[in-house]
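Dear colleague,

Please find below the structure that I promised to pass on to you. My notes on it follow directly after it, with the cut-offs given where each term comes up.

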Amino acid sequence: MLLQQDVQAAISKSARQLPRDMPSPPSYQKVNPADQPVIYLALNSQSLPLSDVNEYADTIIAPRISMIDGVAQVQVFGSQKYAVRVQLDPQAWQTGRSDLMEVSAALGN
C-alpha cells in the first residue's frame with residue numbers, strides 16, 4: 001500500500017510542472033500486465049454515429065464496469081473521436097484581416 005501512496009504523491013508533486021494543455025493528467029493503475037481480458041463487449045448502432053456509441057461506452061459503461069469488485073482495468077477500443085485545433089495569427093486579428101465569422105465559416109467548410 002505504501003508504494004501506491006508514493007506513486008500518487010509523486011504524480012501530485014510533479015503535476016504543476018506539466019503542460020497545462022495536456023489532454024489528461026498522468027495516472028497509474030495497479031494491474032498485472034500478464035493478465036488476460038476476461039470479457040470483451042462489442043457495441044454498435046444503426047441509428048447513432050460511432051462517436052456517440054464511443055461516448056456512451058466511455059462515460060456510462062466503462063465507469064460502471066470498473067466499480068465491480070475484482071475489476072482491475074476497463075479499456076475502450078475502436079474509438080472515433082473528432083478534434084480540431086486551430087491556431088490563429090494574432091497580427092491578423094489586430095489588423096482586422098480576420099474575424100470570428102470568417103474563421104467559423106472556414107472551419108465549417
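V84 counts as exposed because its relative accessibility is 66%, where exposed means over 50% relative accessible area, buried under 20% and partly exposed in between, with a 1.4 Å probe and protein chains only. Please bear in mind that this is a predicted model, in which local features need pLDDT of at least 70 and side-chain atom pairs count only at pLDDT 80 or more, while totals for chains, interfaces and linings use all residues. Residues are numbered from 1 along each chain as its sequence is written, and side-chain values use heavy atoms, with hydrogens and water left out.

V84 sits in the loop between helix 2 (50-66) and helix 3 (90-95), helices being DSSP runs of H or I with at least four residues, strands runs of E with at least two, numbered from the N terminus. V86 is placed in the loop between helix 2 and helix 3 as well, but V86 is partly exposed, with a relative accessible area of 41%. From V86 to S104 the C-alpha distance is 11 Å, at a sequence separation of 18 residues.

Both valines belong to a nonpolar surface patch formed by V84, V86, L88, W93, L100 and L107, which together have about 580 Å² of accessible area. Accessible areas come from the Shrake-Rupley method with a 1.4 Å probe, and for residues only the protein chains shown count as cover.

Helix 2 bends by about 35° at A57, the bend being the angle between axes fitted to the seven residues ending there and the seven starting there. A57 is also among the buried residues of helix 2, along with S51, V53, N54 and A62. In the loop between helix 1 (2-14) and helix 2 lies A34, which counts as exposed because its relative accessibility is 57%.

As for the protein chain, its secondary structure comes to four helices and zero strands. Its radius of gyration, taken over C-alpha atoms, is 21 Å, whereas a compact globule of 109 residues would have one near 13 Å, by the rule of 2.2 Å times the number of residues to the power 0.38. Buried residues make up 7% of the 109 residues.

Best regards

Note on methods
Patch = residues over 30% accessible without salt bridge, like charges linked within 9 Å, V, L, I, M, F, W, Y side chains within 5 Å. Salt bridge = Lys/Arg side-chain N within 4 Å of Asp/Glu carboxyl O.
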